[in-house]
Amino acid sequence: MSPRKPSSPSSKSPSERPGDLSVYLHFPFCLSKCPYCDFDSVPLSTAGGETAARRYLDAMAIEMDMRAASPEFLGAQLATVYCGGGTPTTLPPEWLANLLARLRLRFPWAADAEVTVEANPGTVSQAGVRTLLGAGVTRISLGVQSFSDGVLRTLGRAHTAAQARAAVEAIRAAGCQNLNLDLIYGFPGQTEAEWGASLEEAVACGPEHVSVYALSVEKGTPLAADIEAGRVAPPDDDLAAAMYLRAADSLSRAGYEHYEISNFARPGRQCRHNRRYWLSAEYVGLGCSAHSHRRGIRWNNWGGPEVYTQWVERGVLPVERAEALGPRRRLGEMLMLGLRLAEGVSEQELARACGLDVREVFGREIARLCQAGMLLADAGRLRIPQDRWLLSDEVLSQFAA
Amino acid sequence: MAIPVQQRTRNFCIIAHIDHGKSTLADRILEYTHTLGEREMREQVLDQMDLERERGITIKASAIRLTYRAQDGQDYVLNLIDTPGHVDFTYEVSRSLAAAEGALLVVDAAQGVEAQTVANAHLALEQGLEIIPVINKIDLPNASPDRTRVEIEEIIGLEADDALLVSAKIGTGVPEVLEAIVQRVPPPAGDPEAPLQALIFDSHFDPHRGIVCYVRVRNGRIAAGTKIQMMATGRRFEVQEVGVFGLGLSRVDELAAGSVGYVIAGIKEIGEARVGDTITDAARPASKPLPGYRPAKPMVFCGIYPSENDDYPLLRSALERLSLNDAALLYEPETSVALGFGFRCGFLGLLHMEIVQERLEREYGLDLVATAPSVAYRVHTTTGEVVEVDSPAKLPPQDRIARIEEPFVRVTIMTPSAYVGPCIELCQDRRGEYESMEHSHTDRVVITYLLPLSEILLEFFDQLKSRSRGYASMDYEVIGYRESDLVKLDVMINGDPVDALSVIVHKSEAQHRGRVLVERLRKALRRQLFEIRIQAALGSRIIASERIAPMRKNVTAKCYGGDVTRKRKLLERQKAGKKRMRQIGKVDVPQEAFLTVLKIAE
């Protein structure tokens, strides 16, 4: 792992300004459903095709209008926008462009707003990306996952390594200056050598940002069923740990900052949208299953495009659940999220946001963790040393309720 | 009526193997004698507890008085004394039998003679009772009364030509049973004018009146105002009320020799009116008590803990309440590193243990953790002391132990001859010592083995049933202590001994048990930030060990799309899981880990 000192928070491109808000737009459609995926997403073909998708996007536009009309968003300006899914690029790029145009009408935007669209190889063309860039998109996050056709097949991905390379080329040719590649490791049967090769190839593509995610087996997925039935070997934690260290090593060597547990970026290219999650900043999610955090309240929308659409079409906000965070819970959350970042959290910031002294609430836990070398406390900040990130949940769980 | 009451009294029991129809026959007899109105007639009236009715077994003895006009035109008083139907309660059964002159031996015409049939019949013979064989369930399509008759003669050694053929279920043969009781059971002997001797064959606790003693008066008389003395304990009381058993208690002026009834004498604790003790007149005491008394001695022990520590006071008061009615239930507070505060409980046997656990859970709504049952060892120390040890934690250090004895039982197994092999194999596997084998003409084989009691505590009965496809039945009696080559097996986690996991095992099994224990623990423990060593040791000698590599990865890769709540809940679960763990040294050990070791047998 890189011995590099964690980057100081002040080096972040535009820091939090009052009134900053992020918007997340959820596109629950894919070409096909991957066996490990438990996101709110369905293959477009079984979800009723473009007609249903059209209806869903119309509902999102209505929810956007309802939210924008509420006085609670007066004075908010959009610092970041993130179109996730599913695979937003399963739909015609013009539809996304129209939705973004509407968002631009409904909310004031910061001049330097970061606008990310998630895409998967096989759904990306140069012309399509150009349309998106024209609509204000500044960043593409490409779900490559692996550069090995064998692994891609086991993962049940709908694309090939060649398609991934072609997608990167198309995105660059269209003029996108900010590209993220998503990679997955720790899949049953995957070898360290294969992972090393994928990492090398990812670096060779020259993205500004790389996310590496350990495969997690989620309840209710076909993968979980396969493992339960013994058809697929369960993930090997030791191997996954080795792969994680390998990624940290290769990417650091290639000049990427390991700025969050699973994320690497060229200097100045950290994902501002995701950073806002880790900083417990405010965001509004539109679409099914989308999550929001605003003024001390967390809420989430109903899951499933159809259910969501029905609520909105009845003129009702599609909120399934909302929770007001007390100071204690907010403190726990800020630690749980902020400690994922290399820079950690500022004790002063915690006190300002929650009105609680973290040392008073978690003094014993902090002392114990520091003594065990699991936590560092210096210069008014708490952070998890990078060589303990693989065990970060051992630390984070100490701050849970 | 010229004949005196004592001559017109018959005291009898019904004995049977489980499910052979004892309670149903009792019900028919009550019906036939109109002892109970239709409205009062519930199925199996004598089994009062829900648990008894549900399991079809009798746990507590009880009694009822019937009046029957016999064919000779005389009215007879019949006292039916119900007996507990299980080996655990052998002593209670023998006391109930001692209160009677006769017994109906009920045998299922389809099942034939079973292990408890034999055990109960022998108990009745020892008491010198007149036994009337009753072949029941003759209405069943597979009933075979002739074969059953042969079995009664060959296996029990009773004349069975005049065995009664009955279907208690449909009522066939019930009048004949009543006539046989009158004609074949002798009237009670005993002298009403002799000094008082009354046998306590059971008792129960009444919250308003204290202990109600169930007695059989052998000699003399007892009435309200009599100053009495318990001959075993020496305690004295003044009788407040005597009476007989209708459906409930009905007061009478006096109980004289030959009577069965109850005595209330302001007795507060069940220990002061022990089953088997003799009541005498304090002013004119009998020269000696009735024979056969011995205090209840628990043979099987286990730790009982509340799943939630907060329930400890509730568990304590529940045990107090149960023991009001159950002199054989012993309990004392115990603290376990693994399980917190609980009680070490002693029981007569496995069924008794199960029943107590079930009543605690059902009647008191407790959620319990029970450790694997064990026996009381008798340890001779190097300094010549003898210590009774009912929990491995109480065992003296290995170097102070001269020798250890453990309780042995004689197990009687009855099985069709086809399953003799598997039954013998099971006994051999459990350190059994062959004693005898008898064949009968009906394909029934009686096998007796001497076995350490500890070996039949865990899954012996289940194994017997499965190896014989359900056909074998068993019974056992404790025959005393014998020296065994026993050792204490300790478990250590990172060098720290875990007292709660120590077990006493036979030396020949130590290696195997040690390996199983550490292997189980290895599977039950979660990886931690450092390496964990799990070892099984005999004294200072390590006989098995396992290691768990340090945890390398516990990280959530991604917080999906701002779904913070989900992540938070995940971490909360991790934290809650840790809270429930006990620390052995630095190692977090989940309660489940203790349980997998403590609860399950091999």
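In α8(A), the buried residues are Ala240(A), Met243(A), Tyr244(A), Ala247(A), Ala248(A), Ser250(A) and Leu251(A). The model discussed here is predicted.

Biologist: Happy to start with that helix! Which elements of chain A do the buried residues of α8(A) pack against?

Modeller: The buried set includes Met243(A) and Ala247(A). In general, an α-helix has 3.6 residues a turn, so residues three or four places apart point the same way. The partners of the buried residues of α8(A), within chain A, are β7 (179–185), α6 (192–204), β8, β9 (257–260) and β10 (263–265).

Biologist: How far does α8(A) reach from its first C-alpha to its last?

Modeller: The helix α8(A) has 17 residues. At 1.5 Å a residue, the expected span is 24 Å, and the model comes close to that, reaching 24 Å.

Biologist: Now to the partner chain: how many residues of chain A are in contact with chain B, and how many of chain B with chain A?

Modeller: On the chain A side, elements that each supply at least two residues include β1 (20–27), α8 (237–253) and α11 (327–338). By class, that side has 18 nonpolar, 10 polar and 7 charged residues. The contact count is 35 residues of chain A with 22 residues of chain B.

Biologist: In chain B, are helices α1 and α6 roughly parallel or roughly perpendicular?

Modeller: Helix α1 (residues 22–32) and helix α6 (residues 174–184) of chain B have axes 10 Å apart. Their packing angle is about 85°. Angles of 65 to 115 degrees count as roughly perpendicular, so α1(B) is to α6(B) roughly perpendicular.

Biologist: And how many charged residues are in the contact of α1(B) with α6(B)?

Modeller: From α1(B) come Arg28(B), Ile29(B) and Tyr32(B), and from α6(B) come Val174(B), Pro175(B), Val177(B) and Leu178(B). These divide into 6 nonpolar and no polar residues, and the charged count is 1.

Biologist: Last one: how many residues has the largest nonpolar core?

Modeller: Residues with the most contacts inside that core are Ala103(B), Leu105(B), Val215(B) and Val263(B). Val263(B), for its part, touches residues including Cys213(B), Ile222(B) and Ile279(B), leaving aside those up to four places away in sequence. The size of the largest nonpolar core is 167 residues.

Terms used. Residues numbered from 1 in each chain as written. Chains lettered and ligands numbered in written order. Predicted model: local features only at pLDDT ≥ 70, side-chain atom pairs only at ≥ 80, totals over all residues. Core = buried A, V, L, I, M, F, W, Y, C linked by C-beta atoms within 7 Å. Buried ≥ 20, exposed ≤ 12 C-beta atoms within 10 Å, placed from the backbone. Contact = placed C-beta atoms within 7 Å. Helix = DSSP H or I, 4+ residues; strand = E, 2+ residues; numbered from the N terminus. Nonpolar A, V, L, I, M, F, W, Y, C, P; charged D, E, K, R; others polar. Expected span 1.5 Å × (residues − 1). Axes fitted to C-alpha atoms, helices over the stretch in contact; angles between N-to-C directions. Parallel < 35°, antiparallel > 145°, perpendicular 65-115°, else oblique.
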